[in-house]
Amino acid sequence: MFLERLSTVSGRIEGAIALSLVDHDGMPVESVSLAPGVDLEAVAAELIAQVRTISSQQQELSVGEVRQITIGGSRTTFVVSAVGSGYYLLLLLRPEASLGRARFELKRAALLFESDLD
């Protein structure tokens, strides 16, 4: 079920390299990828660790939860979006991809995944 939904979402995002549903420990639950050489487990573990660090700082500042983080690199853009309680969607994009469209599609996808994960 998750694999089919991830495939549908990534297909709507031009420039998507990979999309994963990741748990709060940084382990991918399910993933789709157009780049088999990308180590999604390592990427997910590292980025979710960063999200947890930022989230704890946000709580100390009383400014709310982290809902989405975008990291732009020269060859890849990473977008991490919260889904339900304790899950994230991790999207890898090519540099020329539309970040706005990607963020919109992740927001739509989060609504679909939340009902299955809660």
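This is a predicted model: local features need pLDDT of at least 70, side-chain atom pairs count only at pLDDT 80 or more; totals for chains, interfaces and linings use all residues.
Which residue's side chain meets that of Arg67 in a salt bridge? The partner is Glu114, with N and O 3.9 Å apart. Arg67 sits in the loop between H2 and E3, while Glu114 belongs to helix H3, 47 residues away. Arg67 is partly exposed, at 43% relative accessible area. Glu114 is partly exposed as well, at 23%. To see what this pair links, start with the sheet.

Five strands make an open sheet, in the order E2-E1-E5-E4-E3, with antiparallel pairing. E2 and E3 (68-72) stand at the edges. Each has a single partner strand, so one side of each is left without a neighbour in the sheet. On average, neighbouring strands are turned by 10 degrees against each other, ignoring direction.

Strand E1, residues 16-23, runs antiparallel to E2, residues 28-33, and five bridges join the two. Ser20 has Ser31 in E2 as its bridge partner. Four residues lie between the strands of this hairpin. Among the hairpin's residues, Gly26 takes a positive phi near 90 degrees.

Is Ile17 buried or exposed? Its relative accessible area is 13%, so Ile17 counts as buried, the cut-off being under 20%. Beyond its neighbours within four places in sequence, Ile17 is in contact with Val32, Ser33, Leu34, Ala35, Thr76, Leu92, Leu93 and Arg94. One of these contacts, Leu92, is 75 residues from Ile17 along the chain, yet their C-alpha atoms are separated by 5.3 Å.

Next comes helix H1. Ser10 is found there. At 18% relative accessible area, Ser10 is buried. Its side chain reaches the backbone oxygen of Ser7 at 3.2 Å. Setting aside residues up to four places away in sequence, Ser10 touches Ala16, Leu19 and Val32.

Helix H3 covers residues 99-117, 19 residues in total. From first C-alpha to last, H3 reaches 25 Å, close to the 27 Å expected at 1.5 Å a residue. Which residues of H3 are buried? They are Ala102, Glu105, Leu106, Ala109, Ala110, Phe113 and Leu117. Their cover includes helix H1 (2-11) along with E1, E3, E4 and E5.

The side chain of Glu105 meets that of Arg12 in a salt bridge, 2.8 Å from N to O. Arg12 lies in the loop between H1 and E1 and Glu105 in helix H3, so this pair ties together parts that are 93 residues apart in sequence. Arg12 is partly exposed, at 28% relative accessibility.

Glu105 has another partner within its own helix. A salt bridge links Glu105 to Arg108, with their closest N and O atoms 3.7 Å apart. Why are these two residues separated by about one helical turn? They are three residues apart in helix H3. Arg108 is partly exposed, at 37% relative accessibility. Through salt bridges that share partners, Arg12, Arg101, Glu105 and Arg108 join into one network.

The salt bridge count comes to four. Among them is the opening pair, Arg67 and Glu114. That pair joins the loop between H2 and E3 to helix H3. The Arg12 and Glu105 pair joins the loop between H1 and E1 to helix H3.

Conventions:
Residues are numbered from 1 along each chain as its sequence is written. Side-chain values use heavy atoms; hydrogens and water are left out. Two strands pair if DSSP finds at least two bridges between them. Buried means under 20% relative accessible area, exposed over 50%, partly exposed in between (1.4 Å probe, protein chains only). Contact means heavy atoms within 4.5 Å. Axes are lines fitted to C-alpha atoms, for helices over the stretch in contact, and angles run from 0 to 180 degrees between N-to-C directions. The expected span of a helix is 1.5 Å times one less than its number of residues. A polar contact is a pair of N or O atoms within 3.5 Å; within protein, one must be able to donate a hydrogen and the other to accept it, and residues adjacent in sequence count only if both atoms are side-chain atoms.
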